[in-house]
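Please open the model in your viewer and keep a selection panel at hand.

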Amino acid sequence: MLPVSVNARPPSNQVEEGNDTAAYNLGMAYLKGSMGLDKDVAEATVLITKSADAGNAHAQFMLGIFALDGVGRDKDLALARRQFEAAATHGIASAQYNLGACLQNGWGGPADLEGAVSYYRAAAAQVGPTPALLPALRLGVAAWGPGRAR
């Protein structure tokens with residue numbers, strides 16, 4: 001068992017002090033109903049939004065998922081796309097993949113196949129050509145033709 005520091009501050013205090021990582025972690029605990037907390041999607045949404053607004057890339061990705069799926073809010077494809085883009089610029093592979101899907105399908109803005117392929121490739125560069133990415137990577141071949149360098 002790890003020792004507990006007498007100087008440790010509860011996550012809620014850290015959130016009040018503006019710690020975006022604490023806000024994200026506490027939000028995820030509320031979302032899952034973990035760390036002794038009851039599941040509370042509304043509170044999770046508030047905390048994760050606060051963290052995303054402060055620039056936390058993982059919170060931006062999660063807020064994008066919430067907006068895409070209508071978790072704790074109405075579905076908002078434009079917000080989902082903006083949040084995925086914000087997280088993708090920080091190198092979050094899942095955000096790069098989801099932004100690629102938004103661009104490919106025109107979710108939350110105009111379709112952009114070239115942009116979609118670019119983000120799919122960025123995600124694949126980090127995680128490899130996993131089965132989930134293979135159809136997206138094939139899109140790149142269809143969009144530019146086989147053998148064309150990008």
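A residue counts as buried when its relative accessible area is under 20%. By that criterion, 38% of the 150 residues of the protein are buried. Please note that this is a predicted model.

**The whole chain**

The secondary structure consists of 8 helices and 0 strands, giving the pattern α-α-α-α-α-α-α-α along the sequence. Among the contacts with a separation of 6 or more, 40% join residues 24 or more positions apart.

**Arginine in helix α5**

Select R81, which lies in helix α5, spanning residues 77-88. What is the nearest side chain of opposite charge to R81? The side chain is that of E85, at 5.9 Å. A salt bridge requires a side-chain nitrogen of Lys or Arg within 4 Å of a carboxyl oxygen of Asp or Glu; R81 is buried and has no salt bridge.

To display the surroundings, select L99, C102, L103, G106, W107, G108, G109 and P110, which R81 touches when residues up to four places away in sequence are not counted.

**The aromatic pairs**

A pair of aromatic rings is described by the distance of the centres and the angle of the planes. How many aromatic pairs are there? The count comes to 2.

For one of them, select F61 and F84. Their ring centres are 5.9 Å apart and their planes stand at 40°, so the pair is classed as tilted. F61 belongs to helix α4 (residues 57-69) and F84 to helix α5, so this pair ties together parts that are 23 residues apart in sequence. Both F61 and F84 are buried.

Proceed to Y97 and Y120, which form a tilted aromatic pair with 5.4 Å from centre to centre and 45° between the planes. Y97 is found in helix α6 (residues 93-105) and Y120 in helix α7 (residues 113-127), so the pair ties together parts that are 23 residues apart in sequence.

Finally, colour these two tyrosines by accessibility. Is Y97 buried, partly exposed or exposed? Its relative accessibility is 29%, so Y97 counts as partly exposed. Y120, at 2% relative accessibility, counts as buried.

Technical notes. Residues numbered from 1 in each chain as written. Predicted model: local features only at pLDDT ≥ 70, side-chain atom pairs only at ≥ 80, totals over all residues. Heavy atoms only, no water. Helix = DSSP H or I, 4+ residues; strand = E, 2+ residues; numbered from the N terminus. Buried < 20%, exposed > 50% of the residue type's maximum accessible area, 1.4 Å probe, protein only. Lys, Arg positive; Asp, Glu negative; His and termini not counted. Contact = heavy atoms within 4.5 Å. Phe/Tyr/Trp six-rings, centres within 6.5 Å; stacked < 30°, edge-to-face > 60°.
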